[in-house]
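Please look over the sequence and the fold together before reading on.

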Amino acid sequence: QVQLVESGGGLVQPGGSLRLSCAASGSFFSINGMGWYRQAPGKQRELVATITSGGSTNYADSVKGRFTISRDNAKNPVYLQMNSLKPEDTAVYYCNANIWISYYKSVEYWGQGTQVTVSS
C-alpha cells in the first residue's frame, strides 16, 4: 500500500518561512511527477507547484518567486520551501504524486494534508 506522508506545516508570521516535505512509503517502482496543492476554507483546491521526474517545475502565479519545489531524486521525497509567506497563503497543503506501482500501471495518490497558517 503506497502512502504519501507530509510534514512541516504550522503557524508562522507574515514574512516568515516554512518548509514542507512529502515522502512516499510502501512498495513501488518509481515516481513520475509530484506536486503541492492547497485548499483554503470555502475555496477550491488549487495547484501550488509541480515538479517532473526530470526536475522541470511549474508554479502558480501567486507563489512565483516566493516558493520553491524540489526533490532529491526520482524516488523520494519532494519539498516545498515557502518564503515571504502571506496571510492569503493560509490553507491545507496537499502533496500529490503519480506513482508507478507496477511496470504497466501508474496511480495518482494524495497525502492527508498539512495545515499552514500565516498570521500575526
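Lys 64 has a relative accessibility of 49% and therefore counts as partly exposed; buried means under 20% relative accessible area, exposed over 50%, and partly exposed in between, with a 1.4 Å probe and protein chains only. The model is predicted, so local features need pLDDT of at least 70 and side-chain atom pairs count only at pLDDT 80 or more, while totals for chains, interfaces and linings use all residues. Residues are numbered from 1 along each chain as its sequence is written, and side-chain values use heavy atoms, with hydrogens and water left out.

Lys 64 forms a salt bridge with Asp 61, with 3.1 Å between the closest N and O atoms. A salt bridge here is a side-chain nitrogen of Lys or Arg within 4 Å of a carboxyl oxygen of Asp or Glu. Asp 61 counts as exposed because its relative accessibility is 65%. Side chains of opposite charge can pair when their charged atoms come close.

How many salt bridges does a search of the whole structure find? The search finds four. Arg 38 takes part in a bridge to Glu 46, where the closest N and O atoms are 2.7 Å apart. Arg 38 also meets Asp 89 in a salt bridge, at 3.0 Å from N to O. This second pair links distant parts of the chain, since Arg 38 is in strand β4 and Asp 89 is in the loop between β8 (78-82) and β9 (91-100), 51 residues apart. Helices (H or I, at least four residues) and strands (E, at least two) are DSSP runs, numbered from the N terminus. Arg 38 is buried, with a relative accessible area of 6%, and Asp 89 is buried as well. Glu 46 is partly exposed, because its relative accessible area is 37%. Arg 38, Glu 46, Arg 66 and Asp 89 are linked in a network of salt bridges.

Arg 66, a member of that network, is found in the loop between β6 (57-59) and β7 (67-71). Is Arg 66 buried or exposed? At 10% relative accessibility, Arg 66 counts as buried. Leaving aside neighbours within four places in sequence, Arg 66 is in contact with Gln 81, Met 82, Asn 83, Ser 84, Leu 85, Lys 86 and Asp 89, where contact means heavy atoms within 4.5 Å. The Arg 66 side chain reaches the backbone oxygen of Ser 84 at 2.9 Å.

Ser 84 is in the loop between β8 and β9 and is partly exposed, with a relative accessible area of 41%. Although Ser 84 is not a glycine, its phi is positive, at about 50°. Most residues other than glycine have a negative phi.

Now to the aromatic rings. A pair of aromatic rings is described by the distance of the centres and the angle of the planes. Rings of Phe, Tyr and Trp (its six-membered ring) pair if their centres lie within 6.5 Å; planes under 30 degrees apart count as stacked, over 60 as edge-to-face and the rest as tilted. A search of the whole structure finds two aromatic pairs. In one of them, Tyr 37 and Trp 110 have ring centres 5.1 Å apart and planes at 65°, so the pair is edge-to-face. This pair links distant parts of the chain: Tyr 37 is in strand β4 and Trp 110 in strand β10 (residues 106-110), 73 residues apart. Tyr 103 and Tyr 104 have ring centres 5.0 Å apart and planes at 80°, so this pair is edge-to-face too.

Tyr 103 and Tyr 104 are exposed. Together with Phe 29, Tyr 103 and Tyr 104 make a nonpolar surface patch of about 490 Å². Patches are made of residues with over 30% relative accessible area and no salt bridge, like charges being joined within 9 Å and nonpolar side chains (Val, Leu, Ile, Met, Phe, Trp, Tyr) within 5 Å. Accessible areas come from the Shrake-Rupley method with a 1.4 Å probe, and for residues only the protein chains shown count as cover. Phe 29 lies in the loop between β3 (18-25) and β4 (30-39) and counts as exposed at 53% relative accessibility.

Definitions and conventions. Polar contact = N/O pair within 3.5 Å; in protein donor to acceptor, adjacent residues only side chain to side chain.
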